Amino acid sequence: MKTNNRLMKFPGLADVHVHLRVPGGEQKEDYRTGSAAALAGGFTTLMAMPNTNPPITTVEGWQAAQEKAANESLCDVALFMGVSMSSIENLPELGKFAPALKLYMDLTFGDLRIEGMDNLERIAELWPRGKVLALHAEGESVRTGLKLAEKFHRRVHFCHISRKDEIEWIAAAKAQGLPVTCEVTPHHLFLTEADAVRLGSLGDMRPRLASQSDVDALWAHINTTIDCVASDHAPHTLAEKQAMLNPPPGVPGLESTLPLLLNAAAEKRISYERIISLLSTNPRRIYSLPEQPDTWVEIDPDESYEFPDHALYTKCAWSPFLGMHIKGRILRVVLRGKEVARDGLVHDFAR
Ligand code: NCD
Ligand code: ZN
Ligand code: ZN
């Protein structure tokens, strides 16, 4: 239902935490479907994670995937480098290529976890100081990550922060002047552990959904400590998610992130200006992402609908937010002067 014709223009958005599953997980997502989902959701730049199969931990692996991403994607895609126990000493060389490093400190999907303080310190020492070290860190690992930033005087970015104590530790570290930044996901802002019960495996991800007081704490820091909202778009097929044995953690998010935030703005829980900082200005600054001239997203902040307003482009084709009432709709996306999406339809994408 359209109430008036207010129109907003946002800059092209950047999602700095997505899983596009190439190589090795193409049944879940590939560069074409993932980037189409991005455009449908207002994102024109993506940063993709290295927990693929095999994981991306070598110059050759990174270059091959980056070239494939450039050829097949409908928007700009930059790839993180990953690090495994056996590739730590190669980091200075790897750092000449990839724009940022992803380090997994806790158990999640894939097998890139690094354990042991010696190894963590060696990584913080060897990855180029001028490039971001992004952490999957939960609980105590966040504290360890803050110590690494302090000891090695280096930039550290915390992925998907989800708990009250974690966001408060980061706020304190920032107040001390440590060069740290952080992101939160829409699922940790808009869902709680009660939703996890309702959704079953479709509400399971790492970090797990938290309590209402954790969610309230994230919202209390939305205009200050939190630098970015990133979707952690982590598609797995419905069959994989509904498997009896060990369904993989992760939920898709590229197509729901902006709608959820627009709805929160319509409810006056966040300003439209802050959404632009969280989804464009800050992630672009943190990761030094190149400019995209003549690139914007047109939004009708007043249009209401039931999510999604289009057939999902993500190959996994489900969402934990199905059926949510949303006020605020993406009308049009223009990338480098060319209309790439309109009314939920991504041009150049044959289903
Ligand atoms: C992610 C995935 O599926 O790759 N899963 C998740 O639950 N978030 C991995 C990750 O981001 O930790
Ligand atoms: Zn993670
Ligand atoms: Zn992730």
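## Helix packing, zinc site and pocket

The buried residues of α9 pack against α6, β9 (180–184), α7 (186–190) and α11 (257–266). In this predicted model, helix α9 itself spans residues 212–220, and its buried positions are D214, V215, A217, L218 and W219. An α-helix has 3.6 residues a turn, so residues three or four places apart point the same way.

The metal site comes next. The zinc ion (ligand 2) is coordinated by H136 through ND1 and by H160 through NE2, at 2.0 to 2.1 Å. These two histidines link distant parts of the chain, being 24 residues apart, and both H136 and H160 are buried. Their positions are set out below.

| Residue | Donor atom | Location |
|---|---|---|
| H136 | ND1 | strand β7 (residues 132–136) |
| H160 | NE2 | loop between β8 (156–158) and α6 (164–175) |

Which arrangement do the 4 donor atoms around the zinc ion (ligand 2) form? The arrangement is irregular, because the angles that these donor atoms subtend run from 52 to 145°, whereas a tetrahedral assignment would require all angles to lie between 85 and 135 degrees. The zinc ion (ligand 3) lies 3.8 Å from the zinc ion (ligand 2).

Turning to the largest pocket, about 180 Å³ of space lies within it. Of the 13 residues that line this pocket, N51, T52, N53, F109 and G110 are the closest to its centre. Sorted by class, the lining comprises 4 nonpolar, 6 polar and 3 charged residues.

Conventions: Residues are numbered from 1 along each chain as its sequence is written. Chains are lettered from A and ligands numbered from 1 in the order in which they are written. This is a predicted model: local features need pLDDT of at least 70, side-chain atom pairs count only at pLDDT 80 or more; totals for chains, interfaces and linings use all residues. Side-chain values use heavy atoms; hydrogens and water are left out. Donors are N, O and S atoms within 2.8 Å of the metal (3.2 Å for Na, K and Ca); water is not among the atoms, so sites may look incomplete. Four donors count as tetrahedral if all angles lie between 85 and 135 degrees; four count as square planar and six as octahedral if opposite donors are over 155 degrees apart and all others between 65 and 115; anything else is irregular. Helices (H or I, at least four residues) and strands (E, at least two) are DSSP runs, numbered from the N terminus. Buried means under 20% relative accessible area, exposed over 50%, partly exposed in between (1.4 Å probe, protein chains only). On a 1 Å grid over the protein atoms alone, a cavity is a set of points where a 1.4 Å probe fits but cannot get out, and a pocket is an open set with protein on both sides within 12 Å along at least five of seven lines; lining residues have an atom within 4 Å of a point. Grid points are joined across faces, edges and corners, and a volume is the space filled by probe spheres set on the points. Ala, Val, Leu, Ile, Met, Phe, Trp, Tyr, Cys and Pro count as nonpolar, Asp, Glu, Lys and Arg as charged, and the others, Gly among them, as polar. Contact means heavy atoms within 4.5 Å.
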